[in-house]
Structures are given as structure tokens and as C-alpha cells.
Amino acid sequence: EAAGTLFRITGEARYADLAVDLLTRYADVYLGLGFQKAKNTNPAGRIFHQILNENMWLLAMSIGYGCVKERLNDAQRDHIEQKLLRPAVTMMTETYAHDFATIHNHGLWGAAAVGTTGMVLGDEAYLGLALDGLAGDRTSGGFLAQLSLLFAPSGYYIEGPYYHRFALRPLLTFSEVLHTHRPDLNIYSYKDGVIGKTIKALLSTVYPDGSFPALNDASRTMGIHDEGVLLSAAVGHARYGQDAAV
């Protein structure tokens, strides 16, 4: 993702070459890896010990691929898509369908990863699964159900600020994808502007010293320099305007 983004910003081929090399090498081995043997309560992926990390990884992979896809020939694209990206989506939406459908921050990462991959591949079926859920009802799973059900009316997230900032990373990344490529969804107005409310709720929990209340099993060192918080502040300002309260 970083290499692809730098290529887009600078136009320097060395960044694109690095992204393509990484994607190709993953595609060379991905299906032959089997599933991780070290497990916890979350299902195991091929790269990581839990599917949550694989969701995070696929989101980054798909963004990086989207940045360099146009430089590849048909054979290169087919190799990366058929041996890496599509098998990862299949694992998330079929093998671990129960995890993909959960209304939880894990489900958010899965929906964002599959949706962004669908956008990059031009696969409307993947995008539909990500937005509407496996049942297509926008209630039992999928990104739009997550927006509707994860947050209190105030925007507060029940797991506390530590997990709130983590959940907003995929939420806002995919929202920016939708804002850019699917303006018809008007995602930042969805459900009475729930995204803006939840950004404000997160930022409103910050202590004056920039740290967050350490609720549940949170790290006491988590604060405003976290990637999720920076993304929240940037997107909140860009899409909803500056709010002096936060």
C-alpha cells in the first residue's frame, strides 16, 4: 500500500516495481501456505494466526494493487488476482462466512477489505457482499449494517476508545473509497450522518493530555497520534467541516 501510494504521488517507477514485486511474490506462494496452526478464538488465515489480520492485510494489498494495476500485463494481473486477491476474498466470505457477517470491528475490517478489493477488480458481486452482507439484507451483515448497528445514537462505540479508533480505520478507508467511486451512495450522509457522529464521539473522549481512557483491555499508551485517530480527524474535517468542540 505504501509503495503503491508513493508511486501515485511521485510517479517514480521504483515504488511501483516494489509493489508489483511484493504482490507477485505473495501470489506465488499464497495458496500453497495452508492455514496457520497457531490459533486463538478467531479463525486462522494463511498469512496470519487470525483472520482479522488477514482482513487488514487484504485491505492494504488491494489498495496497493489498485495503484499499480494499470502497469501490469494481462498475465501479471491474472496471476495476482486469481492466486492472491480472489482466494483471500473466498476465504473471508465463504470459508469464514460467520466471521465476515458478525456485527463487530472484525466484520468492519472484512467488509472494507472485500469491498475495496471488489472495487479494484471491478467485481460488483464482491462490492455487493461488502455493502449489503452475505444475505443481501443490509441487516445481518455488511458495511451498511455495521454503520447502522455498531454505534449508539451519540456515535459512541461500546468497546471503548481503544477499539473505537481501531474500528474507524477500515470504516473511514472504505468510506473514502465509496465517496470517490460510488458517490450515489452518499455515504457520509448515510443513517443521518452516523460517520460524522462517531468521529466526534471518538475525539470527544480524548483527555487533555492526548490520551484515551483505558477501558476494557486497552493499552494505556493509546492516544491522538494513533493512525485511526489521525484518519478520523482528517476525514471529519474534510467531510463534515471543522468542529471547535473536538
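This note goes through a predicted model point by point, from its salt bridges to its pocket, cavity and backbone angles.

1. Basis of the values. The model is predicted, so local features need pLDDT of at least 70 and side-chain atom pairs count only at pLDDT 80 or more, while totals for chains, interfaces and linings use all residues. Residues are numbered from 1 along each chain as its sequence is written, and side-chain values use heavy atoms, with hydrogens and water left out.

2. Salt bridges in total. Side chains of opposite charge can pair when their charged atoms come close. The structure holds 13 salt bridges. The term stands for a side-chain nitrogen of Lys or Arg within 4 Å of a carboxyl oxygen of Asp or Glu. Three of these pairs are taken up below.

3. Asp-17 and Arg-71. The closest N and O atoms of this salt bridge are 3.8 Å apart. The pair links distant parts of the chain: Asp-17 is in helix H2 (residues 13-29), and Arg-71 is in the loop between helix H3 (51-68) and helix H4 (74-95), 54 residues apart. Helices (H or I, at least four residues) and strands (E, at least two) are DSSP runs, numbered from the N terminus. Asp-17 is partly exposed because its relative accessibility is 43%, and Arg-71 falls in that class at 41%. The classes are set with a 1.4 Å probe on protein chains only: buried is under 20% relative accessible area, exposed is over 50%, and partly exposed is in between.

4. Arg-165 and Asp-226. What is the N to O distance in the salt bridge between Arg-165 and Asp-226? It is 3.1 Å. Arg-165 belongs to helix H9 (residues 161-181) and Asp-226 to the loop between helix H10 (190-204) and helix H11 (227-240), so the pair ties together parts that are 61 residues apart in sequence. Both Arg-165 and Asp-226 are buried.

5. Glu-176 and Arg-239. In this salt bridge the closest N and O atoms are 2.8 Å apart. It links Glu-176 in helix H9 with Arg-239 in helix H11, 63 residues apart. Glu-176 counts as partly exposed because its relative accessibility is 22%; Arg-239 is partly exposed at 32%.

6. In soluble globular proteins, nonpolar side chains tend to be buried together. Here the largest nonpolar core has 68 residues, and Phe-143, Leu-171, Phe-174 and Ile-195 touch the most other members. Helix H3 gives the most to this core, with 10 residues. A nonpolar core is a set of buried Ala, Val, Leu, Ile, Met, Phe, Trp, Tyr and Cys residues joined through side-chain atoms within 4.5 Å. Leaving out residues up to four places away in sequence, Phe-143 touches, among others, Leu-108, Ala-130, Leu-171, Phe-174 and Ile-187. Contact here means heavy atoms within 4.5 Å.

7. His-164. Is His-164 buried or exposed? His-164, which lies in helix H9, counts as buried because its relative accessibility is 1%. The side chain of His-164 makes a polar contact with the side chain of Thr-198, at 2.8 Å. A polar contact is a pair of N or O atoms within 3.5 Å; within protein, one must be able to donate a hydrogen and the other to accept it, and residues adjacent in sequence count only if both atoms are side-chain atoms. Apart from neighbours within four places in sequence, the residues in contact with His-164 include Phe-151, Tyr-157, Ala-201 and Leu-202.

8. The largest pocket. Its volume is about 520 Å³. Of the 22 lining residues, Glu-1, Leu-59, Ile-63, Thr-173 and Val-177 are the closest to the centre. Helix H3 supplies the largest share of the lining, seven residues. On a 1 Å grid over the protein atoms alone, a pocket is an open set of points with protein on both sides within 12 Å along at least five of seven lines, whereas a cavity is a set where a 1.4 Å probe fits but cannot get out; lining residues have an atom within 4 Å of a point. Grid points are joined across faces, edges and corners, and a volume is the space filled by probe spheres set on the points.

9. The cavity. There is one cavity of 30 Å³ or more. The largest cavity has a volume of about 40 Å³. Its lining is made by Ile-51, Asn-55, Met-92, Tyr-96, Asp-99, Phe-100 and Gly-110.

10. Lys-191, in helix H10, has a positive phi of about 55° although it is not a glycine. Asp-192 is also found in helix H10, and its phi is near 60°, a positive value in a residue other than glycine. Asp-192 counts as exposed, at 62% relative accessibility.
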